[in-house]
Amino acid sequence: MLDKNGIARRIAREVQDGFYVNLGIGIPTLVANYVRDDIEVEFQSENGVLGMGPFPFEGEEDADIINAGKQTITTLPGASFFDSALSFSMIRGQHVDLTILGAMEVAENGDIANWKIPGKMVKGMGGAMDLVASAENIIVAMMHTNRAGQSKLLKRCTLPLTGVGCVTKIVTNLAVLEVTAKGFKLLERAPRVSVEEIKKATEGTLEIPDEVPEMILA
């Protein structure tokens, strides 16, 4: 079973040379820490940064350089800063190759709910709506179940939707899954996690191949 850093490490293997990548709040922000050194990737943050690097070491933080989640970040040589209008022009203009988001629920048809729990105070949907409406390649980073042990990979989302039919792949603490016309297709299982455990933790339709390899994190 993976922790949050393990999920980020696995997603980092999906990042290809030359990609422009938007990192959402939460687990996705960790992905920049694990991208291979032999490729060039431009990480974009919707608050107006292109060229984000890994998180800074303790004591080296600059409070003026933050990501969309208000966490201090580093920037790589050639990084640029700009206003939100330009940032969302990049997003809405489909100039981002890969979007990595967290989620509270994902449905078997690719619907995503990641912005609101009814009854809890939220400031608004933020940039998530623009990201899921514009991106063609969306990977979700999330825990497979909630704190009560209930599945977060559902037949239909129960929370207010952020986007419809937009998620392409999901990486959880238990598995890597692809969204297909038949539901969730199990691609890989986390170390020391059985197919049966994944099956029990998935409410939505789960397509299981004859052989499911264990994740490679290196």
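1. Two strands pair if DSSP finds at least two bridges between them. Strands here are DSSP runs of E with at least two residues, numbered from the N terminus. With that in hand, look at N22: its bridge partner in β5 is T99. Strand β1 and strand β5 (residues 98-102) run parallel and are joined by three bridges.

2. A quick word on the model itself. It is predicted, so local features need pLDDT of at least 70 and side-chain atom pairs count only at pLDDT 80 or more, while totals for chains, interfaces and linings use all residues. Residues are numbered from 1 along each chain as its sequence is written, and side-chain values use heavy atoms, with hydrogens and water left out.

3. Back to β1 (residues 20-23): this strand also pairs with β2 (residues 42-45), again in the parallel sense, over three bridges. Here V21 stands opposite F43.

4. Now for the holes. A cavity is a set of points on a 1 Å grid over the protein atoms alone where a 1.4 Å probe fits but cannot get out; lining residues have an atom within 4 Å of a point. Points are joined across faces, edges and corners, and a volume is the space filled by probe spheres set on them. There are two cavities of 30 Å³ or more.

5. The largest cavity has a volume of about 110 Å³. It has 15 lining residues, and L23, T29, M52, N67 and I73 are the closest to its centre.

6. The second largest cavity has a volume of about 40 Å³. Its lining is I91, Q94, V96, T99, L131, S134 and A135.

Technical notes: Helices (H or I, at least four residues) and strands (E, at least two) are DSSP runs, numbered from the N terminus. On a 1 Å grid over the protein atoms alone, a cavity is a set of points where a 1.4 Å probe fits but cannot get out, and a pocket is an open set with protein on both sides within 12 Å along at least five of seven lines; lining residues have an atom within 4 Å of a point.
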